[in-house]
Amino acid sequence: MVDLLNLLEPIGDIFRSMGIPQPVVHWGHPLMMAIVVFVMGSFVGLAGWRGRTIADEATAAKSRMEHRKLAPWMFLFMATGYTGGVLSLVMQHQPILESPHFWTGSIVLLLLAINGLISVTGFGGNKASLRTVHAYLGSVALVVVFIHAVLGLKLGLAI
């Protein structure tokens, strides 16, 4: 198995040499990701579901448009935050692959990537079944990301 920590150590050394204060290294990732997850993630999920369930077509279309505009940004922020979280662990000389927080983060990104792919393909020609899969897969991703946040808080308090 690849020793990810040793593989990334040279990058960690570069960032350690920048003199970033320890509280920022330790709590910067959780703080920034909490904003993305709890504010942006909740809004994107809610907008997606509103677009599916609201009877007023104009309001539903507006919600779908908000979802369509923000979901890719949310994915980008989560992907860069994921990278920052891994880097934070490297900078603190913490194991990476043993952390349930790492694995739930990986699962969330995978679920969101699959969801993005479903969306980018136009839901397979606007198939209702793929739109339903998209909605529920996104909801599962949000549930996993909330579990991920709890595991992250537990990890942050342990190191």
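**Exercise 1.** Find which residue just after α3 takes a positive phi, then check the length of α3 and look for a kink.

*Solution.* Start just past the end of α3: His 93 has a positive phi of about 55°. A helix here is a DSSP run of H or I with at least four residues, numbered from the N terminus. Next, the length: α3 (residues 57-91) has 35 residues. Last, the kink: one of about 30° lies at Leu 70, shortly before Pro 72. The bend at a residue is the angle between axes fitted to the seven residues ending there and the seven starting there.

A word on the source: this is a predicted model, where local features need pLDDT of at least 70, side-chain atom pairs count only at pLDDT 80 or more, and totals for chains, interfaces and linings use all residues. Residues are numbered from 1 along each chain as its sequence is written, and side-chain values use heavy atoms, with hydrogens and water left out.

**Exercise 2.** Work out whether Asn 115 is buried or exposed, and what it touches.

*Solution.* First place Asn 115: helix α4 (residues 100-120). Its relative accessible area is 5%, so Asn 115 is buried (under 20%; exposed is over 50%, partly exposed in between, with a 1.4 Å probe and protein chains only). Then list contacts (heavy atoms within 4.5 Å): leaving out residues up to four places away in sequence, Asn 115 touches Val 133, His 134, Leu 137 and Gly 138.

Notes. Helix = DSSP H or I, 4+ residues; strand = E, 2+ residues; numbered from the N terminus. Expected span 1.5 Å × (residues − 1).
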